[in-house]
Amino acid sequence: MEHAQEHEACLEQTQKYHVKRPIYNQELLQGQLRRRERTPQTFRQRIAHSCRCSSKKAKSHLYSFLPILKWLPRYPVKEYLLGDIISGISTGVMQLPQGLAYALLAAVPPVFGLYSSFYPVFLYTFFGTSKHISIGTFAVISMMVGGVAVRVVPDEVVSVDLNSTNVTDLFAARDAERVQVAVTLALLSGIIQLCLGLLRFGFVAIYLTEPLVRGFTTAAAVHVFTSQLKYLLGVKTNRYSGPLSVIYSIAAVISEITTTNIASLIVGLTCIVMLLIGKEINLRFKKQLPVPIPMEIIVVIIGTGVSAGMNLTDSYGVDVVGNIPQGLRAPKVPEIQLIPTIFVDAVAIAIVGFSMAVSMAKIFALKHGYTIDGNQELIALGICNSVGSFFQSFTITCSMSRSLVQESTGGKTQTVLAAIVMVNLKGMFKQFGDIAHFWRISKIELAIWLVAFVASLLLGLDYGLLTAVTFAMITIIYRTQSPQYRILGQIPDTDIYCDVEEYEEVKEHPGIKIFQANTSLYFANSESYMSALKKKTGVDPCVILAARKKAQKRHARAIKKANEPKKKAVLKLVSSTTNDVEAGVKHEIANDELPVNGKFTSVDDSVQDRSPDELEYFVEPKTNVHSLILDFTPVNFVDSVGAKTLKSIIKEYKEVGVCVYIAGCSGPVMNELTRLNFFENTVTRDLLFHSIHDAVLTCHVKDASASQTALDL
């Protein structure tokens, strides 16, 4: 092997090429090449094609709209059921106190947090595409809902009439009005999400870049923390919303600091310490614990017991939630007349909720090797919110903390609930470390983070989000242009590479794909870049790996069932039907027409009676493309997300035996990749070449060397 590597290195160092050709300018080159003739489709033809229906297309649309029809019949009960039960119980136990606590953020009675923790979860089971996210109440969305409810039904409405009637009835009427605002907001945001999903607007999530989302959620954490200070201290202040609400809230708490309820403060601080200790134990002993310790529910139970046993309300004046109604409410139509008042807020909440859910869903999908559909996620969230609103649910989305628990496990006092909210913001406050991180890697992403944070903090979450998105769009306009993706081929006897679909003379090198995008690689197009790469090259590592895994599993079952006396006869049959086997596997691999080669060790005694499609049991799917060249000549910059995408491309294609090279990378881009720590571990500088032709020649040398090594072995 060492000799082969030395031989390969020697060939690379000594390989040269000499080209004799005239100096082509663009005009001369165009004059010598013939454009392919194309018959463009009319608008009517395109409409007719899109409206054409078949049983296969109808079935595909049905499975897309109701993913449960696809995965439920294939659910591996023995393999997944126990883990799902444990995970469900752990997440449910965590959902209960969080639902109660986040209802306070939404400015509605706590029981409505429980309603919002039930109906949407049930609906997402049928329509969602993620296997790991936990749908339900979330601090940021609850805070946005509460801001709208307080703006439409302010506390001043109650304070004006304090002397005119029973105070309890006044507060009950205020809460009832706020509930109607919250559920109508859920209906409207759900309809907006549903419409965006049906119109295939799932791509809008890519414009909520990571720095923007993190800056926004950090500001939201400050809003949430500030809103809970009055509960922690036991002081009476109004709730503020809109621009400068954080400053007004802090000023109000400070003005009433002398009326702090010491008992509330002691209870709150004790609960915070207990929750922090519990979370630290769960983090440190994550591998040893079968399930996380449910500290939230434990603290709620202890707080309830202490409150009842010591009579904290009468003895020390500690506010309590009070009685929580039993059972579920009958369906009720939200108040439609509120829609004009809350429409703009509903748009912001719909987009933020979708962004949170899709961000977490993508993280888990990438980790566990499956894909999620952004458009279907919009539809699922839209149905959860719109239908849930009829059952008194307020707007929901994915919860980061509960999703992590779900993925990893395979009368209550208001002080306690405030402590739960504050401790669950710990992860968001850690995002202040993003400032130093983005300062090192990208000043533009740092600017997006800071604008999102400052605008959301001072202007409120709704106007802050609008400002942040506008600023991010300005950076896109400033740095990019519309991308076009092409597969390049060589003009014979030259080192010039052009679009293979544009000119008849251009030919591709066997086993080599050259991909070009006339755009930079950054947060807004990294996903589309990878999708176009897979589509244009015809090589999708996920599909190949999935087919390979499927073949290996079936192969293992075949080996287990095989009868030793019949193996020789079967192997003789397999050796004579290899070509048919390859054709069967091609059809099996998601219609991507990926080439395969059969590798057989042993089979069962029923192979003689199997069709070519069934013979996929005994092959390992493989592509005939051995090298992929990314033409970076048009690339002007790469950000941290683009660098991660590039690393992911190199890693994924390496897993299926395809080497990835980068050609035409400019000096500034090279410097950016260096600052982003791109060149480390398996990614080295010898993957980059000055020109496409240099990379092509190297691909041929490596392929010839690999073939020679295989022959020697």
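Residues are numbered from 1 along each chain as its sequence is written, and side-chain values use heavy atoms, without hydrogens and water. Because the model is predicted, local features need pLDDT of at least 70 and side-chain atom pairs count only at pLDDT 80 or more, while totals for chains, interfaces and linings use all residues.

The record is a handy place to start. The unreviewed UniProt entry lists several residue ranges as "transmembrane region", among them 100-127 and 338-358; such annotations may be inferred rather than shown by experiment. Residues 100-127 are 71% helix and 0% strand, with end C-alpha atoms 26 Å apart. For residues 338-358, the figures are 95% helix, 0% strand and 29 Å. Helices (H or I, at least four residues) and strands (E, at least two) are DSSP runs, numbered from the N terminus.

Lys 131 sits in the loop between α8 (119-127) and β1 (134-136). This residue is exposed because its relative accessibility is 59%, where exposed means over 50%, buried under 20% and partly exposed in between (1.4 Å probe, protein chains only). By contrast, Leu 465 in helix α24 (residues 461-479) is buried, at 6%. Its C-alpha atom lies 9.0 Å from that of Phe 453, 12 residues away in sequence.

Arg 200, between α11 (167-198) and α12 (210-233), has a positive phi near 60 degrees. Asn 677, between α30 (667-675) and β10 (688-689), likewise has a positive phi near 60 degrees. Most residues other than glycine have a negative phi. Arg 200 is partly exposed at 45%, and Asn 677 is partly exposed at 47%.
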